[in-house]
Amino acid sequence: MQDSSAPTTVKATNDSSTDTQSVCNETIQATTKREFSLIRMLKSEYFLHVISIVAFFGIWQWAATSNVFGHTSALATPFQVLESLRDLSSQKLSGLTLMEHVLISTQRVIIGFFLAVLLGVPLGLFMAFNQTFKAVVKPLFDMFKPMPPLAWISVAILWFGIGESPKIFIIVIGSFVPVVLNSYSCMQLIEPELFDVVRIIGGKRWDEIRLVCIPGALPAITAGLQIAMSSAWTCVVAAELVNSRSGLGYIIIQGMKLSDPGMIIGGMLIITVVSLIFTQGMTFITNKLCPWQREIENL
């Protein structure tokens, strides 16, 4: 009986494997033979990216060559901007190369940004944790919050002169508000039930901070840091437009004095690229620090 049943089992197994393989082959063939769909291609994300970029540069080229702004020299074409960037990279402006101007602006942004973080994050968290501290500080912060950072330029020059200090001060002012706001509001986004769970399992106050507050607050704090980084780059350009001999803002103001739109837009593009690098770096750090945060797709 054992000898007669063994071949039957092997045969059944072989038949099952054959059926599975045939189904896989049919699926692969159906996928391979899928007909080209024009609608699917038009809805493709990468195709839309290409269309958007091509349309942008096309409109730019048309606006620069069609006398839209009154005279032909008001707006440089993309090729003229590339030529200006090539000239800037091969010559010195105010005794500094293009890379040195980029590094100077980057140094100012980093110093001002970290000072804002060192001051803003503890202030926001203290207001969130301590109601007495909040009652004292928050009214003053609410008065300070609506003031635009650029309004402080004249005051900064009066206080600190025309060196590096006023530029750093303006960057700190511009980055400070989003850091404080997100550090303060992060605690309000945490579900109160999470604290109840920690208390039920016998957790103390430190356990609530370690298990609930820190993981719940980090996503909002890092989001505030990303906003602060963008504000820092905005403020450094504004600060370098006044009484400065270095930095990317100085390149833009020199382009304005020379009536060179290629230099102006080239400086703007450099700022965009450097700021984008910093933003992507902040996003990478955020994903590493907060792997549990939710991502909303197809919103």
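**Exercise 1. Describe which residues the ring pairs link into a cluster, and follow the pairs that F144 makes.**

Step 1. Ring pairs link F141, F144, W152, W159, F160, F169 and F176 into a cluster, where rings of Phe, Tyr and Trp (its six-membered ring) pair if their centres lie within 6.5 Å, and planes under 30 degrees apart count as stacked, over 60 as edge-to-face and the rest as tilted. The structure is a predicted model, in which local features need pLDDT of at least 70 and side-chain atom pairs count only at pLDDT 80 or more, while totals for chains, interfaces and linings use all residues. Residues are numbered from 1 along each chain as its sequence is written, and side-chain values use heavy atoms, with hydrogens and water left out.

Step 2. The structure holds 14 aromatic pairs. In the pair of F144 and W152, the ring centres are 5.8 Å apart and the planes stand at 55°, so this pair is tilted.

Step 3. F144 also forms an aromatic pair with F176, and this one is edge-to-face, with 6.0 Å from centre to centre and 75° between the planes. The pair links distant parts of the chain, since F144 belongs to helix α6 (residues 131-144) and F176 to helix α8, 32 residues apart; helices here are DSSP runs (H or I, at least four residues), as strands are (E, at least two), numbered from the N terminus.

**Exercise 2. Decide whether F144, W152 and F176 are buried or exposed, and list what surrounds F176.**

Step 1. The terms come first: buried means under 20% relative accessible area, exposed over 50%, and partly exposed in between (1.4 Å probe, protein chains only).

Step 2. F144 has a relative accessible area of 19%, so F144 is buried. W152 counts as buried because its relative accessibility is 15%, and F176 likewise counts as buried because its value is 14%.

Step 3. Leaving aside its neighbours within four places in sequence, F176 is in contact (heavy atoms within 4.5 Å) with A116, L119, G120, L123, F141 and F144. From C-alpha to C-alpha, F176 and V121 are 8.8 Å apart in space, although 55 residues separate them in sequence.

**Exercise 3. Find how many cavities the whole structure has, and describe the lining of each.**

Step 1. Rolling a probe the size of a water molecule over the atoms shows where empty space is left. On a 1 Å grid over the protein atoms alone, a cavity is a set of points where a 1.4 Å probe fits but cannot get out, and lining residues have an atom within 4 Å of a point. Grid points are joined across faces, edges and corners, and a volume is the space filled by probe spheres set on the points.

Step 2. By type, the lining of the largest cavity divides into 8 nonpolar, 3 polar and 1 charged, where Ala, Val, Leu, Ile, Met, Phe, Trp, Tyr, Cys and Pro count as nonpolar, Asp, Glu, Lys and Arg as charged, and the others, Gly among them, as polar.

Step 3. The second largest cavity holds about 40 Å³ of space and is lined by L88, Q91, K92, L93, L96, T97, L98, H101 and I251. Its lining residues comprise 5 nonpolar, 3 polar and 1 charged.

**Exercise 4. State how many residues of α11 are buried, and describe the residue with positive phi just after this helix.**

Step 1. α11 is mostly covered, with 8 of its 10 residues buried; they are L248, G249, Y250, I251, I252, I253, Q254 and G255.

Step 2. The buried residues of α11 pack against α4 (78-90), α5 (98-129), α10 (205-240) and α12.

Step 3. Just after α11, S259 takes a positive phi of about 55°, in a residue other than glycine. S259 is found in the loop between α11 (248-257) and α12 (261-289), and with a relative accessible area of 60% S259 is exposed.

**Exercise 5. Summarise the secondary structure and burial of the protein chain.**

Step 1. The protein chain comes to 12 helices and 0 strands.

Step 2. Of the 299 residues in the protein chain, buried residues make up 34%.

Notes:
1 Å grid on protein atoms, 1.4 Å probe; cavity = no way out; pocket = protein on both sides within 12 Å on 5 of 7 lines; lining within 4 Å.
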